[in-house]
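Reader: I'd like to learn how to read helix packing and sheet layout from a model. Can we go through one together?

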Amino acid sequence: MANSYQKRDKYTAKAKAEGYEARSIYKLEQIDKKHPVIQRGGRVVDLGCYPGSWTRYAIQKVGRKGTVVGVDFTAPKVSGATFFEASALDVSPEQLLEVLGGPANTVLSDMAPPTTGDKAGDHYRQIELARRALYVAAELLEPGGTFVCKVFEGGDAQDFVLEARVLFKTVKRVRPDAVRKVSREWFLVATGFKGKPVEPPSE
Ligand SMILES: C[S@@+](CC[C@H](N)C(=O)[O-])C[C@H]1O[C@@H](n2cnc3c(N)ncnc32)[C@H](O)[C@@H]1O
């Protein structure tokens, strides 16, 4: 018998009908409708962008004057964005900044490792990616900027929220309706970036 992952749900069917690469689009759309995270003319970084539905949504939202840069092991077949075909752990903020042409308004991360069924292991592998995304956001965002990041619930999730709270005025845990009921994922939505922490002077 098909489990809930195998069943075609309404969001899978909707994504197909609307020409999106993945049902994930509705997670971002629902987040963006409630807490606007992408602005017209904005500069957006999309970490873990394959197969490209968030990228496509971001391109539409920023419009012709905006810039979208994506990072994943495989580049989506979506035109209107620049892609780094690599691990986000290996692409430096400086490389992203060069393509963005200025500080980012929004950093998105939907990064997730392949899940194994080992909940704790999956959580720790995923939170490592979330922390990389937070680092990239802290390096690239302009003051006031926004960070949206997938998180698999687990032992380090609350610490991750606290780490984000140091950097952003407002940090929320959001679970859009499009997240599957059986999933342990939620999204950190952080707004009002306080600015890059000042580095201590070197001795
Ligand atoms: C849920 S999918 C993203 C779906 C995408 N947001 C969309 O709407 O089409 C998660 C992605 O994270 C990517 N990922 C995992 N580890 C990564 C890493 N180290 N660097 C970049 N991307 C990574 C995977 O390759 C996968 O494509």
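Reader: In which hand does H4 pass H5?

Author: The general idea: two packed helices are described by the angle between their axes and the distance between the axes. A crossing is left-handed if the near helix is turned anticlockwise from the far one by less than a right angle, and right-handed if clockwise. Here H4 passes H5 in a right-handed crossing. This is a predicted model, where local features need pLDDT of at least 70, side-chain atom pairs count only at pLDDT 80 or more, and totals for chains, interfaces and linings use all residues. Residues are numbered from 1 along each chain as its sequence is written.

Reader: Which residues make that contact?

Author: Pro93, Leu96 and Leu97 of H4 meet Val136, Glu139 and Leu140 of H5 (contact: C-beta atoms, placed from the backbone, within 7 Å). Helices are DSSP runs of H or I, at least four residues, and strands are runs of E, at least two, numbered from the N terminus.

Reader: And what is the strand order in the sheet?

Author: Strands of a sheet pair through backbone hydrogen bonds, either parallel or antiparallel. This open sheet has seven strands in the order S3-S2-S1-S4-S5-S7-S6, with mixed pairing (pairing takes at least two DSSP bridges between two strands). Its edge strands, S3 (82–85) and S6 (168–174), each pair on one side only.

Reader: How many bridges join S2 and S3?

Author: Four, with S2 (residues 67–72) and S3 parallel. Gly70, for one, has Phe83 in S3 as its bridge partner.

Conventions: Contact = placed C-beta atoms within 7 Å.
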